[in-house]
2 protein chains.
Amino acid sequence: MTTRPLRADARRNIDAILEAATATLARDPDASVNDIARAAGVGRVTLYGHFENRAALVSAVVERAMADVDAVLQALDLSGDPAAALVRLVDATWAVTLRYGALVVAAERSLPAAEVAAAHGAPRERAQWLIDRGRAEGRFRTDLPASWLVTSLHTVTHAAANSVYDGELATDAAAHAIAATMLGLLTPPGEVVPDVAALTAH
Amino acid sequence: MTTRPLRADARRNIDAILEAATATLARDPDASVNDIARAAGVGRVTLYGHFENRAALVSAVVERAMADVDAVLQALDLSGDPAAALVRLVDATWAVTLRYGALVVAAERSLPAAEVAAAHGAPRERAQWLIDRGRAEGRFRTDLPASWLVTSLHTVTHAAANSVYDGELATDAAAHAIAATMLGLLTPPGEVVPDVAALTAH
């Protein structure tokens, strides 16, 4: 990256490349740099002038997508019953994840796991805050580390995105599956697992 | 791969390479082909004569490890209460996973997700069988697809292996965390989440 301000046409090229890369990877997680350059209407040389390699491009696309995810989730009301708030968080997270289609698959295939995890800093903090509140109020289990429960939430959401991509899970069944899975996973031993429908009907 | 029978020294080289690759990747998931050749006491050329590239070598190591995992799990008694049987399955799976250290991490970094999933065919079928039985007996939830529950079990186990590698989860806490997480995840809505300790104490 240069420290000089980017010329307007360079900025436009970068935006076009990121936009095209997002759309192309959402359809085909194995799309090549050539596919992306073609979709962006720029040459390979121009693309490589801005992004050193395919992983750097995927990384920039993921960073941009996560900023969008974060903006959507920031607007959510997570007050009230922690279990009902978790269902709202899962629904909203899934709706915004859907915009990006197979990008989750592309990220996991192209980037080191630690980098994928690091890109999820803000959503992870939000989930952690809600899980901590649910634990403090006795609604969520405290017999396992909070960080493990947050990791499970992240992992289950990504597994759902992969299962939808593989055709194993219907797109419109995924949000319910994630929420139902997470409520079971978070319920303290000795307590009754809540029903997702009962929490959302009001 | 040649169709002629391998000469005894070629067979010995392959065994030495697979043994060294397993031990090396268990310690360092990013170990290079050079590191592995050195540990096996063979030259790079010999190694590449048997394995086309690093991914092919990792793939062969994973296949061999999964055969070992399967042999251990085949000996398990999975009769009786499905929830208690699940705890035994998780404990045994985790104990054998531990033998392979960071190999899970290496596999996920080096191989396409579909290939990692395909390598788990036999353990996945065993988990599917137990989950189906638990569903038929009313012990496990039937409001989510069985394949999704099996995927969750696989995903949570791999997340635990990664969390132990990252130092987020203590090695000796992982089997309990996976079992407790899975029992919560499998409990039908409206039912009480069982306690792992209560299931194993007798």
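Helices here are DSSP runs of H or I, at least four residues long, and strands are runs of E, at least two long, numbered from the N terminus. I looked up the record next, and an unreviewed UniProt entry annotates residues 32–51 of chain A as "DNA-binding region".

Ground rules. This is a predicted model, where local features need pLDDT of at least 70 and side-chain atom pairs need 80 or more, while totals for chains, interfaces and linings use all residues. Residues count from 1 along each chain as written, chains are lettered from A and ligands numbered from 1 in written order, and side-chain values use heavy atoms, without hydrogens or water.

**Helix α2**

I checked A:Asp35 and A:Arg38, which both sit in helix α2 (residues 33–40) of chain A, three residues apart, about one turn of the helix. Their side chains form a salt bridge at 3.7 Å, N to O. The rule wants a Lys or Arg side-chain nitrogen within 4 Å of an Asp or Glu carboxyl oxygen.

**Domain 1 against domain 2**

An automatic or database assignment sets the domain bounds, and chain A splits into domain 1 (1–52) and domain 2 (62–200). Seven residues of domain 1 of chain A and nine of domain 2 of chain A make the contact, meaning heavy atoms within 4.5 Å. Their C-alpha centres lie 30 Å apart.

I then looked up the area buried between the two domains of chain A: about 720 Å², with carbon and sulfur atoms giving 60%. That is the accessible area (1.4 Å probe) lost on putting the parts together, summed over both. On the domain 1 side, A:Thr22, A:Ala26 and A:Pro29 supply 59% of what that domain buries against domain 2 of chain A, more than any other three residues.

Two salt bridges cross this domain interface. I also looked at A:Asp30 and A:Arg109, which form a salt bridge with the closest N and O atoms 2.7 Å apart.

**Chain B on chain A**

I superposed the copies by least squares on C-alpha atoms with pLDDT of at least 70 in both. A rotation of 180° with 0.0 Å of shift along its axis puts chain B on chain A, RMSD 0.0 Å. The two copies are thus related as by a two-fold rotation axis. Of the interface residues of chain B, 100% are also interface residues in chain A, so the copies meet through the same surface.

How values were computed: UniProt positions are given in the numbering used here, feature names are shortened, and annotations may be inferred rather than shown by experiment.
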